[in-house]
Amino acid sequence: MKPKKYNLLIAAVALATLGCSKGFLNKQPEGALQQYQITNTAGVQALLTGAYASLYQEGDGNTTLAGTGTNAWEASPSNWIYGSVAGGDSHKGSSISDQPPIVPIANAQEISSNGFFNDKWISLYEGVKRCNQVLATLAISPSVSDSMRTEFTAEAHFLRGHFYFELRRCFHMVPWIDETTTDYNQPNDADIWPKIEADFTWAMDTLPAKQPNVGQVNKWAAASYLAKTYVYEAKWAQAKALFDQIIPASYGGTGAGGVTSNNLTYGLTDRFEDNFDASQKNNKESVFAIQMTANDGTLSIAHANGGDMLNFPYNSPFRCCGFFQPSVDLANSYRTDPNGLPYVTDYNSHGIANDQGLDSKAPFTPDAGNIDPRLDWTVGRRGIPVHDWGLHPGNNWIRDQGSAGPYSNKKNLYWQGNLSTYSDQSTWAPGSAINLLVIRFADVLLMAAETEAQLGNYAQAEVYVNDVRVRAANPANILYQYNDNANPLNGFSTTPAANYVISPYPAGYFTATTALPAIYFERKLELACEGHRFFDLARWGIADVMMNAYYSFEGKITGDLSTGNFTKGKNEYFPIPQPQIDLSNGKLKQNTGY
Amino acid sequence: MRPKLDCLKGWLFLLLATLISISSFAQTKVTGKVLSAANNQGVPGATVQVVGAKTAAITANDGTFSIVLPAGRTRLEISSVGYDNQEVTVSGPTVTVTLTEKSNTLNEVVVTGYATQKKKDLTGAVAVVDLGDAKKQPVPDVNDMLQGQASGVSVVGSGQPGASPVIHIRGFNSFGNNVPLYVVDGVPTQNVADLNTNDIATMQVLKDAGAASIYGSRASNGVIIITTKRGNGRPKVSYDGYYGTQVPKGGNVWHVLNPTEEGTLLYQAEANYNTLNPSSPTPLGNTIYGTGATPVVPDYLVSGTVGGVTYSGGFAAGSTAADPANYNADPTGTNYYQIAKANKSGTDWYHAIFKNAPIQSHNLSVAGGGDQGNYLFSVNLFDQQGTLIETHLKRYTIRANTNFKVGNRIRIGENIAYSSIDNPQANGGILVEGSAVGFSMRENPIIPVYDIGGNFAGSAPKGLNNPRNPVSIQATTSNNRGLAQRIFGNVYGEADVLKNLTYRTSFGGEYYAGWAHTFTIPDYYDAEPQYTTSTYNESSYNGGDWTWTNTLAYNLTKGDHNLKVVGGMESYEFVNHNIGGSTQNYFSYDPLFVNLTTGAGTQTNYSNSNGTVNSTTVIGAGETLVSYFARADYSYKEKYLIGGTFRRDGSSKFIENRWGNFYAVSAGWRISQEDFMKRATWITDLKIRGSYGLMGNQFNALSTNSYTLYSLDKQKTYYPTVGGTGSILTSGLALTQIGNPAAKWEQDGNLNLGFDLTVLKGQLTVSADYYQKNIKDLLYQLTLAGTNGSATVPAYNVGKMTNNGLDLMITGQTNITHDLMFNGSLSFTTFHNVIKQIDANGTPYFDVDGRRFNGSYIVRNAVGHPVSAFYGYKIAGFWQNQAEITAADQAAQKASNGAVTTYQADEGVGRFRYADGNHQGWIDASSKEFLGNPNPKFTYGANLGLTYKGFDFSVFLYGVYGNDIWNNVKWWTDFYASFPGAASSKTALYNSWTPTHTNAAAPIQDAVNGSNASTNTVPNSYFVEKGSYLRAKNTTLGYSFTSAKLTRIGITHLRAYVQAINLFTITKYSGIDPEISVNQMGNPPQNATTDFGIDEGGYANPRQYLVGLQVTF
């Protein structure tokens, strides 16, 4: 009897103990990969693609790469907030209470605890991290061939250069983390421009000109970015040496010129709008573009300009959300004189008529004066065709004129005619397949012009500026009235929508006094609302003068700039995000003035 | 679901009919008397029931009775309110029965960890829940039952059907999961949402280490031991049911303006701006109210384009814009033309979505048993329509518990329950913007629910801002479906190996499966349509866990010594699988047509083995635990009690520090048993207790916490390298999770001191405990420096926290007169939680919950403060005039040596002036202060009952004192500029600052510049309110019918009652309900521990009126 019971007990305990065999407590993660699975060519290739993907700066579900709870626009690679709104070519838009953290940025009143900066910072460093992962994993993947190793390394260096370039121009002094760093709490006590130069130089020296895929960066993109870096550093001689090679002789360079990854020799498209038309992307003007797609199976707009999802006219067929409204100051800049030249200094005295304060029900006649045709491909204004969507109705498409003025943005609008291909309607605000041009050839030409002017070569500078103006003057850039206003899809008439007058500068116009202001102004016109303005003003050292003039002019028109006041020596850079300073235990030092 | 219900009804009827038809034969007469053990007096009105027959009698006023025993029947069961039931065998013509009062619970057997103990022998802090009181709540969830019924337990619920309340025991034990461990019939689980509350036999809350440490690894949050009912005696069929209605709060709950007042506020806010900005005035009026000298409420609201002309705003009847011929609810949105008749009297959006709703529950059980075994079967239907339209909980549960004796030494049995739950909850969550509730305070009342074509109206006409139609948010979910099913239970065997040695093995756990589908359609009627294409989502999941427990128990009594020892081991495994997908663009929106394959658009799918049910997150891992444990309890002369437990746990979540050891020691002294106490005859029992021990926790580590992982994510790591236009994405990878292989168990050091006092022969008992918990090595997902990128950060053992508090429970009962009996209980709970460390090397706080204060946060969890404290600027008053501002600026410039030019950002007349919290002379981020604490100073519950003859009357009051609430509703309604054109409050119009109304509540309403750091863009004390409340949770009047007639037809117990739930609430809180639960559906989901007490439109607890019936055959 008793032994029998013991047997039962022993059997049971033995069974129970089986449960704690060594493997029972080892539960391997599922649905993810561990390092040993990716130390090979395919793994590194995928890590590199992941590094490219961080160009979007976007996470799942319209967040930033900084993660849950953030909003895609806080770190949009278009820099519409940090470059355009902060630089005064645009208002934040919508109503003033919508996305309030942008208001102080627009007014040069930003503080370090503004969460937008933290999200931008983390998103950019996530990009850096992904590049470093490529390099670090490559180092422990002996099976990767030498040629692939070279290619992967070069592309990773290029992309890392891009993220650091963004960090450097936004936050000034930033810590350097590379593939060898183990302690991620690094000080920001050294200027990282030389390291950025090194990354782009590496890429330029090893990348081929032609790539199998158009989305891959090539030698000439690296050369252009390196030249841009030199321009930011005011290293004019080094910059010129590169521009001479990059720019084809037909545009004033010295040789055959650079090519795009798909082997198109650099040049300006006839139509200015081609740069902002998804059906024309990856053209010869596309030096370095973030590839956007619509309806790519993600049911998201993560690859469709998600960071700019708010930037469509309000109450319009685009649905959302009335942000990113060009300023009156910007629109006025497109006024041309009888010779087709801009009013470089007193453009606001020649303002363009607008419908500020006017209800859509009240009548309004668009301005009849001379206008640079680029205005109507940049700024949406009442009574003028908006692509093939119809006449801009004015106030009806503006969330709050009192807050942000009468205009809406055009460069990020898709066309109704190819809506289903190039727009993405899968989320609460639309996305589009318009590539984001980090560097386009017109930008290269204007940087080259600036370089030549800085070196005293005014005639050469004028050649480059006139390249850009000649393209703008191409009749292909005239916006025409609709055949039928009630049916905008029914094509355009032959009647220009406005009185477009534009000419290149007359030979010999550029001098020591006129060249730089003209070049600066041309950048404003050509690259408006493309996220450059603030960074340009800052590096030119005139941001305080220009922005304070802007606040005093524009602030009288709209309610969102009431606190605007740019402090020289401080507001040229954004503050290091306070949470990062807190996390660094004193290693990170705040920028001057914050 | 309906056919199933009908089917069930048929079965139940058949079962009842069979049972009622049982009849009896020959007879013997017996007389007797029923006495009370307390005073040896006769007990009147007691029921004397012949076991196995339907004969019964009622005792007279002196306790006597006479009854006729049918042939072959010898056992009587005697029951009376306030006494324990008793069975006796009749051996002669007379019989005397002594009943023991229920309150004399010292010998009550309490189920504790892997053992049972008599209550008088307990040395740990164990709250035994009085199920009689707890079960009066018409709630389907065990956790709801516990509110105010057990000291030391905090429960916060909502009116949302099926939403499990937030429960925590003795403060907070971690930054994450604070859900206690439930042990149901010996099986550990964290999910008791589907446990039929009618099935519960006993419930004990193990609060201190002395009681709970035996559950080591999972004990830190406290343990709730639940046993389900067993049958005994003759077969008994019981029905318990109620039906009632739920009534949402009435009146203008958001205090919003009517359309005329909205127009007045608009003009006032514009005029205010113009007064302040004379150089750049804004024109008066807008597209809704016109641009005349005074606002005009329009006849129609229009939005759309016709003939190339866009109309958007308010229009008069007869205008072209409002011509019904233009109306076009174009499903593609391209030619959408909305015309809605303005609701001039104002739409009551709250009551457009909150309606009266029925609630009902029906429970039927059959139970019985004898020497060889026993059984219990039960079925329950709980059906609660939500007061919010398109929400409900329909739950079926079935239970079968059986136990058998095999010979004298072996017992086997099983407890198993099946549940089926259909529970659509509020679309988009509660307490967050974006839900129907959140929009009901924002949608302008001028908008009607439906437009002239019967489709939804909305905010598309310009000037109404961007809220979404709250009715449409809920109504469009009406075709969504889902079902969750679960089987939970165990099988066990017990063998008496030796005389005092018992071996027990139990294998139990759960298997669950569920699915859900949703369908969204375009909403062009709203200003910012959320959807432009139809989308169908379907998801399905299944999984389960098992726990296998083997124990050996040894019990020895020798003279004055009693020793109980239990030892054993336990293993646990958990797995879960999710699968789902979605498709867009449907030819027809007919719910019979739409599924994952019939859509024309992009198809997606996902699957994973993730620990979170229904998660679409890719990464996961199964979880396993192995544990060894032992406990010993020794008592000497039933006076000196000492106990000890030890447990060693291993977890698959940890690698380098896989194993953790947990222990506890406890001691008790029953002073009342000492000779020197014998004179104090009024003391029935007095015991002092103390314990110290260590409990653990691992909930806050992900199952993959130890691993560094790379993953693919179409949105985050794919790139169209080829530059294509469509679906040509190249797969990419990124490091998405950092591993921490060094993570280890959290450790919760726990000291408890308490006493149990019973006086006046059991008429009054007091149980009190003071505790002190020091928790260290808290697992916390640290924020790493941004230079690390954004990979998921693992949990590190960095935090420290303390809790201390007092638990007090007083119960009493007394006979006021012969017939009138009073019983009552009072529970009192306090906890004081302090964060001691978040990361020794990092920031001593972490901020959460930014809402619309982008960049700054409402909640700061900081060292030296309790969890979830509110943080921001303290308002010192209004800037009454420019001179005040100028003076403050000058002082600030002086104090800062010119470093600052203004005292505070965006200062202005009529705006808030902030207090200089750190006395630096000006306001910046460092001036912020802690503004409030959502943790109450104490909570209390009081059950008061009276019985008179067959009547019973009871009231349960529950109260919370000393907490603060962040009323974020005010952000939307009290500041016109927050969202101009959306609904505003009476406060905004009638009690905002103006030059002639300077002693106002809200700041100046400014249509253009009203949103700024000196009004509503930073967290400030305007939103903080006192949250104390006292609520009559339950008021019941019942009557128990006792008559020979009933007995003759087999009814041994028949009680009918009427009940009012939440009859009244006393509070100063201005929101709809001071009981603020936690939003768990937001983005990011709010954490019940580190972010609670914020009201942005909750699902208020409705008032309920019920009638109920309890019958036993």
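Modeller: The contact between the chains takes 113 residues from chain B and 115 residues from chain A, where contact means heavy atoms within 4.5 Å. This is a predicted model, so local features need pLDDT of at least 70 and side-chain atom pairs pLDDT 80 or more, while totals for chains, interfaces and linings use all residues. Residues are numbered from 1 along each chain as its sequence is written, chains are lettered from A and ligands numbered from 1 in the order written, and side-chain values use heavy atoms, without hydrogens and water.

Colleague: What area do chain B and chain A bury between them?

Modeller: About 9100 Å², with 57% of it on carbon and sulfur atoms. That is the accessible area (1.4 Å probe) lost on putting the two parts together, summed over both. On chain B's side, B:Tyr710, B:Gln715 and B:Tyr719 supply 9% of the area buried against chain A, more than any other three residues.

Colleague: What makes the pair A:Lys27 and B:Glu573 a salt bridge?

Modeller: The rule wants a side-chain nitrogen of Lys or Arg within 4 Å of a carboxyl oxygen of Asp or Glu. For A:Lys27 and B:Glu573 the closest N and O atoms are 2.4 Å apart, so the pair qualifies. Between chain B and chain A the count is three salt bridges, and over all chains it is 71.

Colleague: And how do you know that this pair joins two chains?

Modeller: From where the partners sit: B:Glu573 is in strand E28 (residues 561–584) of chain B, and A:Lys27 is in the loop between helix H1 (2–18) and helix H2 (41–53) of chain A, so the pair joins two chains. Helices (H or I, at least four residues) and strands (E, at least two) are DSSP runs, numbered from the N terminus.

Colleague: Why are H13(A) and H15(A) called roughly antiparallel?

Modeller: The axes of H13 (residues 441–454) and H15 (residues 515–526) of chain A come within 10 Å and cross at roughly 170°. Angles over 145 degrees count as roughly antiparallel, under 35 as roughly parallel, 65 to 115 as roughly perpendicular, and the rest as oblique. H13(A) and H15(A) are therefore roughly antiparallel. Their crossing is left-handed, meaning the near helix is turned anticlockwise from the far one by less than a right angle.

Colleague: How about H6(A) and H7(A): what puts them at roughly antiparallel?

Modeller: H6 (residues 146–171) and H7 (residues 193–206) of chain A pack at about 150°, with axes 8 Å apart, and so they are roughly antiparallel to each other. H6(A) also passes H7(A) in a left-handed crossing. Among the residues that meet are A:His157 and A:Phe165 in H6(A), and A:Trp193 and A:Trp202 in H7(A).

Colleague: Then why are H16(A) and H17(A) called oblique?

Modeller: H16 (residues 533–540) and H17 (residues 543–554) of chain A pack at about 130°, with axes 7 Å apart, so the pair is oblique. A:Arg533, A:Leu537 and A:Ala538 of H16(A) make the contact with A:Ala543, A:Met546 and A:Met547 of H17(A). By class, that is five nonpolar, no polar and one charged.

Colleague: What makes the bond between A:Cys320 and A:Cys321 cis?

Modeller: Omega is about 0° there. A:Cys321 lies in the loop between strand E2 (286–290) and strand E3 (323–326) of chain A. Most peptide bonds are trans.

Definitions and conventions. Axes fitted to C-alpha atoms, helices over the stretch in contact; angles between N-to-C directions. Nonpolar A, V, L, I, M, F, W, Y, C, P; charged D, E, K, R; others polar.
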